[in-house]
Amino acid sequence: LLCIATFATPISRQLARPFEQDPFLPNSLVSPGMRLFHSGSRKITALAGMSVAAWIGSTPLTWLYFGLLTPISIIANLLLIPLAFVVLATAALSVALAPLPNPLPAELANEANALFTKTAAGTAGAFSSLPGAHWNVASPEHIIRAPFEINVLDLPYGGAAIHLAARGGNDWLIDCGSDRQFRATVHPVLRAYGAGRLDGLALTHGDTNHVGGAVTAIEEYAPRRVITTPASSTSRAWRDALAAAQTDGVGVERVAAGAQISMGRGDRLQVLYPPAEGAPGFVADDRCVVARLDLATGWRILMVSDSGFYTGRWLAQNAGAAELRCDVLVRGEHEGDDSTMPGLLALARPRAVVLSRASRRASVALPDSWPGELRAKGVEVFDQRECGAVRLCFFKGRAELRAYLGDQSLTLKRAE
């Protein structure tokens, strides 16, 4: 409103100059058609000046809060501003007619108000769908960032989502939480990074709190590829996600141990589990995708998802220390047993571990002493019960891990 009050009139005057009547032309020589043209042009340029001024005032806010620049709004407002006035007018008319004994006039005003409101919403949607109508732009915090960043989000109820962001606009999502978690937490993170489209979406297994938001993610971010486990699942959310991907023409890849997935710029995902056939265990968590992220800078991040005892034993027997060795290990929460057995940690030898929100089930919960025991061995532990989400920033010679809550942080130096 301040920008409208300050800039609308000066901008309108500048826009109106090409359409002004020649001051040396006598009024008697101006035809009715020309008078109508000049009158209409003044109204349109006044409206355009207000639209441009409103865009100037709102752009910093849409950038900061939504990661969007919307140049199309300058044109759209030429229709939306009058429609907004009509919406307010019909709403006021409804209030004025409400005291009448006959409710019909107020009901008619309400119906008209609903019609104009839907028209305004549809108009805004139509303009926003035009090519180049809006741009996703990273928030100021993320414009200048590390060459590669990972956000391990902290989602409740055993949910999980990991955002991988390479500088230059290469965004991946490893799981996406439930639909509610995706909309409330994951979606704002992607917007803050200026992600307009996902290069890849990996669904590790059929847990609803891991893949329930996948349909929305596919609709909103149109991933170029969807990667998932080769194991079958009875999860409806998982099946709906694969169906949505196929409907949108997105290729679905079932990856098993040994698969390598290029992410561009020399970064790749090395799939370590499950095997193509005969995965051990009894629940979906035992058949989830375990992958090692190998960055072009040499850093290795092992993401074990919700895998448990059977997965750990299989990896120890079939993958070995060379494949499991990593700088950072990201651990999820298994449905029925410990997600990372000590033997797996001994083989992986991580320098830092990010623990998901611990389960309250006694059969699954890690002992309170476990993080302390790891720290005693020189392994920094980011317990998401205390630190919330964790951001990992990878540079060529160092890595910086920072908790979103509190002041826990860690800097790792890479040995040549």
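**Pockets, cavities and ring contacts**

Mentor: Helix 12 (342-348) and helix 13 (370-376) each contribute at least two residues to the lining of the second largest pocket. Please bear in mind that this is a predicted model.

Trainee: How many charged residues are in the lining of the second largest pocket?

Mentor: That pocket holds about 220 Å³ of space. Its lining consists of Pro342, Leu345, Ala346, Arg349, Pro350, Trp370, Glu373, Leu374, Lys377 and Val379. By class, these residues divide into seven nonpolar and no polar, and the charged ones number three.

Trainee: Which helix gives the largest share of the lining of the largest pocket?

Mentor: The largest pocket has a volume of about 260 Å³. Of its 14 lining residues, Leu68, Thr70, Ile72, Ala124 and Ser128 are the closest to its centre. Helix 2 (32-66), helix 3 (72-97) and helix 4 (104-128) each supply at least two residues of the lining. The largest share, five residues, comes from helix 3.

Trainee: How many charged residues does the lining of the largest pocket have?

Mentor: The class count answers this directly. Eight residues of the lining of the largest pocket are nonpolar and six are polar, and the number of charged residues is none.

Trainee: What is the volume of the largest cavity?

Mentor: The structure holds three cavities of 30 Å³ or more. For the largest cavity, the volume is about 320 Å³.

Trainee: With which side chain does the side chain of Asp285 make a polar contact?

Mentor: Asp285 is found in the loop between strand 10 (267-273) and strand 11. Its relative accessibility is 4%, so Asp285 counts as buried. The contact has a distance of 2.9 Å, and the partner is the side chain of His205.

Trainee: Let us turn to the aromatic rings. Is the pair of Phe182 and Tyr221 stacked or edge-to-face?

Mentor: A search of the whole structure finds five aromatic pairs. In the pair of Phe182 and Tyr221, the ring centres are 6.3 Å apart and the planes stand at 80°; planes over 60 degrees apart count as edge-to-face. Phe182 lies in helix 6 (residues 179-192) and Tyr221 in helix 8 (residues 214-221), 39 residues apart, so the pair, which links distant parts of the chain, is classed by its angle as edge-to-face.

Trainee: Are Phe182 and Tyr221 buried or exposed?

Mentor: The cut-off for a buried residue is under 20% relative accessible area. Phe182 is at 1%, and Tyr221 likewise has 1%. Phe182 is therefore buried, and Tyr221 is also buried.

Trainee: How many residues apart in sequence are the parts tied together by Trp299 and Phe394?

Mentor: The ring centres of Trp299 and Phe394 are 5.8 Å apart with planes at 55°, so this pair is tilted. Trp299, in the loop between strand 11 (290-294) and strand 12 (300-303), pairs with Phe394 of strand 16 (residues 390-394), and the separation is 95 residues.

Trainee: Which residue has its charged end over the ring of Trp299?

Mentor: Trp299 is buried, at 0% relative accessibility. The charged end that sits over its ring, 5.6 Å from the centre, belongs to Arg414.

Conventions:
Residues numbered from 1 in each chain as written. Predicted model: local features only at pLDDT ≥ 70, side-chain atom pairs only at ≥ 80, totals over all residues. Heavy atoms only, no water. Phe/Tyr/Trp six-rings, centres within 6.5 Å; stacked < 30°, edge-to-face > 60°. Helix = DSSP H or I, 4+ residues; strand = E, 2+ residues; numbered from the N terminus. Buried < 20%, exposed > 50% of the residue type's maximum accessible area, 1.4 Å probe, protein only. Lys NZ or Arg CZ within 6 Å of the ring centre and 35° of its normal. 1 Å grid on protein atoms, 1.4 Å probe; cavity = no way out; pocket = protein on both sides within 12 Å on 5 of 7 lines; lining within 4 Å. Points joined across faces, edges and corners; volume = space filled by probe spheres on them. Nonpolar A, V, L, I, M, F, W, Y, C, P; charged D, E, K, R; others polar. Polar contact = N/O pair within 3.5 Å; in protein donor to acceptor, adjacent residues only side chain to side chain.
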